[in-house]
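Here's a quick tour of the aromatic rings in this one. Have a look at the model, then read on.

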Amino acid sequence: MSSSTDIAEYARFFTLSLDMLCIADFNGYFQQLNPVWERTLGFTIEELKAKPFIEFVHPDDREATIAETQKLATGGDAISFENRYRCKDGSYKWLVWNSTPSLEKQLIYAVARDITERKRTQEALAQEQYLLHSLMDNVPDSIYFKDTNSRFIRINRAVAVRFGLSHPSGAVGKTDFDFFTEEHAQQAYADEQEVIRSGQPLVGKEEKETWRDRVTWASTTKMPLRDKDGQIIGTFGISRDR
């Protein structure tokens, strides 16, 4: 293959790639960018090449970006490095980078990908988990999740207190037989297996809880726990002392 053909194939690859491809020099300026940069950030290629690339980086990410650039300048690679780049409208987009240097040419070759939507999804999930943890940790009712064998997979703090545990994780893998009398544990197991078999909840059952050292009364609701495909993978329940 001739050198002119090589250059044409390289240019075609560089132009058609869906990723953000770039070549930058060790002085901190972009030397070559593919069209995806314009579509992603809104700046023209000329605008992006006119300033040091650090000026487009979010102020909070500049120190880490400079450190990565210095590492590249000494011959190291940057793998899965994340930072935020400013768009022309003033917003920022998250990019993840894989970069490698050429010490001989004093150039950095890099591939970046826009992961802004992924970051937003992660943040939304983290917020949802925070809200769930807040509910689980602070509600006075007992909340618990069990697998199909009625083993605890998660309990809230209220249950941990009732069980005399220092932390909710202490119940994981255990069953009601570890905390209640045989009679009560057998009834709880039977109720949960019926919920799993029928797929129907058991709502507001008034029951006598016989512990090894005391007796309490509670109103209990047990429901099937399903995975994302709707398959029953256990039960979960809420109990309130009476």
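Buried here means under 20% relative accessible area, exposed means over 50%, and partly exposed is in between (1.4 Å probe, protein chains only). This is a predicted model, where local features need pLDDT of at least 70, side-chain atom pairs count only at pLDDT 80 or more, and totals for chains, interfaces and linings use all residues. Residues are numbered from 1 along each chain as its sequence is written, and side-chain values use heavy atoms, leaving out hydrogens and water.

- Rings of Phe, Tyr and Trp (its six-membered ring) pair if their centres lie within 6.5 Å; planes under 30 degrees apart are stacked, over 60 edge-to-face, and the rest tilted.
- By that rule you get 14 aromatic pairs.
- One of them is Trp37 with Tyr85, edge-to-face at 6.0 Å centre to centre and 70° between the planes.
- That pair spans 48 residues, from Trp37 in helix 2 (residues 36-41) to Tyr85 in strand 3 (residues 78-86); helices (H or I, at least four residues) and strands (E, at least two) are DSSP runs numbered from the N terminus.
- Trp37 is buried at 0% relative accessible area, and Tyr85 is buried at 2%.
- Trp37 also pairs with Trp97, tilted, at 5.7 Å and 45°.
- Trp97 sits in strand 4 (residues 92-102), so this pair ties helix 2 to a part 60 residues away in sequence.

**Ring cluster**

- Ring pairs join Tyr144, Phe152, Phe163, Phe179, Phe180 and Trp211 into a cluster.

**Charges over rings**

- A charge counts as over a ring if NZ of Lys or CZ of Arg is within 6 Å of the ring centre and within 35 degrees of the ring normal.
- Arg214 lies over the face of Trp211, 3.9 Å from the ring centre.
- Lys119 lies over the face of Trp94 at 4.4 Å.
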